[in-house]
Amino acid sequence: MQSSVPELIAGICPPHVEVEIFNEKEVDIPLDRHWDLVFFSYLHSYYEHTKVLSTLFRQRGITTVAGGRHAGHFADDVEKYFDAVVIGEPEANVPAVIEDFEKGQLKRRYALPSLGPAAIKPQRYELLDFKLSPMRMSSIEASRGCPFTCNFCVLTGHEKYRYRPVADVIDEIRTKMAFNKNFFGLIDNFFGFVDNNLGGSPKYLRELCEALIPLKKNWGCSLTFNILKDESLVKLMAQAGCRYIYTGLESLNPDSIKAMNKGQNKLSDVDAVIRRAFSNGIILSFGLLVGSDGDTNEYLEKVPQYLADLKHFSITFLGIVCPYPETPFYRQVQSEGRLLPGTISRDYDGYTLCHRPKNLHPSEAAEHFVRLCKQLGSFPNLLRHYSSKLLMSNLPRYRSGILFSGPEILSIRNPVKNPERRYIAGLDSIEAWDAEQMAKLGLEPQRLS
Ligand code: SF4
């Protein structure tokens, strides 16, 4: 799954505007091309890189606009490197930017209020080029926000849960969505919901699933643990074509769950939840985080054993809990003087420790992270996945999904493939091309501690 922001922004540009989209995960941006107006959306950790691109474009007379969560939170800083900043949702702001730009009256900031979820427009799927990313699937948003309040989450305190009319979502899938025909059609008719939590309202999710059944498509999503405990809803999702769910389990340690304010995760139910999902034909992936305030050396050493002890194994991704600046967790570690010195925005990538955990030395947390990535992303785990899961359901496209999900297990190792990396804020260098350009352009990294 890739970001769908470019197609989303393209979908809200007025019809007379000619649009090209680029996703740097798929293709390099041609820096010698000319555009009138360039919109950037980026993650916190790509701020330095995006500043470089924007500065290079502005030197050639191209107008640049930044949007997204980082741009909205750090508008004062972002304004120095872009011609305009969008704060908040794009549906009202992007057309306003374009209208003002065409009149030669571009403002420095756009912060028009949300138009509500019914204003989310269909994406411009026809601009996707699946050849650039052969395993990519189209994606769609049905909802935004989340009703829970995990302390490390960028949504907490900022966004209420809201959802689009079911009929709009169904119409977009049925009449607008493009599908990837690669791999002999094995992933044709598959798509992903990019919602942070598709299960924020179980009632809405039921209505959506009922409406999806006749479409006979297959899809994946992220949602919270409470939904996985509801057997009838899991069955309905499978009937509606769901074949993949990602859930942030975050930890197998009750103290860590408590420290993260993630009370919706009931650790005693983990095994039953995994069995329920797979036996209903749904591949379940869990995310685990290292470095929370409940983590101890003893717990982190035993994680592989805890996972092995589960009767039913599930794919598990690993990251390091990150104090994003707009979160309660950031405010806590900042007020307690626990942000690591020398933290820059590049360190906010989810694989770099930016704070001092309560019970671990930073180097201990980083060592556990590297070891666990290697252990969990191993061939024995891949074999265990195939051998334990392949025959658990015979729903259409379940088995091909299991085969396709194998590489995800090996990808758990990807973040630790670079032997130069230390995974501790302030100790890892900026990527060589960005560092070289920043030196030439006189750009400084954004310091967050
Ligand atoms: S459940 Fe997920 S999306 Fe919701 S607040 Fe927690 S981390 Fe964020």
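A residue is taken to be near a molecule if its C-beta atom, placed from the backbone, lies within 6 Å of that molecule. By this criterion, the residues around the ligand are C146, F148, T149, C150, C153, L155, T156, N196, N197, T224 and G248. The model is predicted: local features require pLDDT of at least 70, side-chain atom pairs count only at pLDDT 80 or more, and totals for chains, interfaces and linings use all residues. Residues are numbered from 1 along each chain as its sequence is written.

**Ligand shell**
- By class, the shell around the ligand contains five nonpolar residues, six polar residues and no charged residues.
- In this classification Ala, Val, Leu, Ile, Met, Phe, Trp, Tyr, Cys and Pro are nonpolar, Asp, Glu, Lys and Arg are charged, and the others, Gly among them, are polar.

**Overall architecture**
- The protein has 17 helices and twelve strands; helices (H or I, at least four residues) and strands (E, at least two) are DSSP runs, numbered from the N terminus.
- The radius of gyration is 22 Å, close to the 22 Å that the globule rule gives for 449 residues, so the protein is as compact as a globular protein of that length. The radius is taken over C-alpha atoms, and the rule is 2.2 Å times the number of residues to the power 0.38.
- Along the principal axes, the C-alpha atoms of the protein fill a box of roughly 65 × 55 × 40 Å.
- Of the 449 residues, 43% count as buried. A residue is buried if 20 or more other C-beta atoms lie within 10 Å of its own, exposed if 12 or fewer, and partly exposed in between, with C-beta atoms placed from the backbone.
- Among contacts with a separation of 6 or more, 74% join residues 24 or more positions apart; two residues are in contact if their C-beta atoms, placed from the backbone, lie within 7 Å.

**Annotated domains**
- UniProt, in an unreviewed entry, lists residues 1–108 as "domain: B12-binding". This span is 40% helix and 12% strand, and its end C-alpha atoms are 33 Å apart.
- The unreviewed entry in UniProt lists residues 132–364 as "domain: Radical SAM core". Here the chain is 32% helix and 17% strand, with 39 Å between the end C-alpha atoms.
- UniProt positions follow the numbering used here, feature names are shortened, and annotations may be inferred rather than shown by experiment.

- In helix α7 (residues 202–212), L205, L208, C209 and L212 are buried. Seen down the axis of α7, these buried residues fall within an arc of 100°, so they line one face of the helix; the arc is that of the directions from the helix axis to the C-beta atoms.
- The buried residues of α7 pack against α6 (166–176), α8 (225–228) and α9 (231–239).
- P214 lies in the loop between α7 and β9 (218–222) and counts as exposed, with 10 C-beta neighbours inside 10 Å. Its C-alpha atom is separated by 9.9 Å from that of Q239, 25 residues apart along the chain.
- K216 is also found in the loop between α7 and β9, and its phi is near 55°, a positive value in a residue other than glycine.

**Other loop residues**
- Most residues other than glycine have a negative phi.
- R397, in the loop between α15 (379–389) and α16 (398–410), has a positive phi of about 70° although it is not a glycine.
- P14, in the loop between α1 (5–12) and β1 (37–41), touches P95 and I98, not counting residues up to four places away in sequence.
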